[in-house]
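Q: Could you take a close look at the place where the ligand is held, and at the residues that surround it?

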Amino acid sequence: VSRVTLPRALTIAGSDSGGGAGIQADLKTFTVMGVFGTTAVTAVTAQNTLGVTGVYPLTPAQVEAQLDAILTDIGTDAAKTGMLFDAPIIEVVADRLRRYKVSNLVVDPVMIAKGGHPLLLPQAQAALRANLLPLAAVVTPNLPEAEVLTGFPVHTKADMVRAAHRLVELGARAAVVKGGHLEHEDADDVFCTGDEVRWLHSERMPTRHTHGTGCTFSAAITAGLAKGLSLMDAVLQAKAFITLAIKQAPALGGGHGPTNHLAWLQEHR
Ligand SMILES: Nc1ncnc2c1ncn2[C@@H]1O[C@H](COP(=O)(O)OP(=O)(O)OP(=O)(O)O)[C@@H](O)[C@H]1O
Ligand SMILES: [Mg+2]
């Protein structure tokens, strides 16, 4: 038996029973990108393409036990956070990421599901800002999340650049402010490290099948970091990954369907 080396990536996030977002999107993305995935589940959600019908958070101790199990034995080359639900969970996650010196960290500051269901309690927003931004190699908010984290309106491309700079001032080493919610404009995201500002361009595809786009995008960045790509290259590759996954969405369910995590595999055999 030959010894194979696989890059490792950890996702700390919620379970999406519908398979399009959360832990499921992350694991599919890691796998397709050639990375071995591990998971610390923060909450179980009952949801499909029509919406969220139940949120069942785990306790902070249960999240902590999963992180200890993974990080004392298997280890990880990169990690991402998604749905964290409440402040006590955020605090144990930040503590464990610091203790095990996980420096390739992608923070996707998930707050509200597309149907309006809260995935982070409003009283936990400050904990996310204070505890996780300073640990992030990159933070990847959508427009409403960028508004909450910065405290100012984010509606235009100029606002997006300003928000990205502000997120770096708040402690993240870099930020990608995503333009998925920019109405009547292309789906352009802005990447900023403080010194460097770079736009990631995509045409806006006329589709309602965008469930889990944010999770998938941040998981693809994490996979790139696990493989040793520079942050810039990991972000560019992730943008290509999500664009292809949206373009080839499988049209499942009666609402906002998932993207196609396998599309990348078909193009990169
Ligand atoms: N209709 C679209 N066409 C092309 N790209 C899109 C479209 N919608 C979103 N994207 C891209 O998908 C990625 C995720 O952005 P988005 O703003 O949708 O994140 P999000 O709101 O966090 O997603 P989610 O609701 O899954 O959490 C970004 O790169 C964005 O530009
Ligand atoms: Mg999101």
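A: In this predicted model, an N or O atom in the side chain of Lys 239 is 2.9 Å from an oxygen atom of ligand 1, a polar contact in the sense of a pair of N or O atoms within 3.5 Å. An oxygen atom of ligand 1 also lies 3.0 Å from a backbone N or O atom of Thr 213, and one is 2.8 Å from an N or O atom in the side chain of Lys 178. Of the 620 Å² of accessible area that ligand 1 has on its own, the protein covers 94%, with areas taken from the Shrake-Rupley method and a 1.4 Å probe.

The elements that give two or more residues to the shell are α7 (213–226) and α8 (231–247), and α8 gives the most, with three residues; helices here are DSSP runs of H or I with at least four residues, strands runs of E with at least two, numbered from the N terminus. Among the 18 residues around ligand 1, those that come nearest are Lys 114, Lys 178, His 181, Asp 189 and Met 205, where a residue counts as near if one of its heavy atoms lies within 4 Å.

Lys 178 itself sits in the loop between β7 (175–177) and β8 (189–192), and a polar atom of the Lys 178 side chain lies 3.0 Å from the backbone oxygen of Thr 140. Lys 178 counts as buried because its relative accessibility is 10%, the limit for buried being under 20%.

Residues are numbered from 1 along each chain, and chains are lettered from A and ligands numbered from 1 in the order written. Local features need pLDDT of at least 70, side-chain atom pairs count only at pLDDT 80 or more, totals for chains, interfaces and linings use all residues, and side-chain values use heavy atoms, leaving out hydrogens and water.

Note on methods: Buried < 20%, exposed > 50% of the residue type's maximum accessible area, 1.4 Å probe, protein only. Polar contact = N/O pair within 3.5 Å; in protein donor to acceptor, adjacent residues only side chain to side chain.
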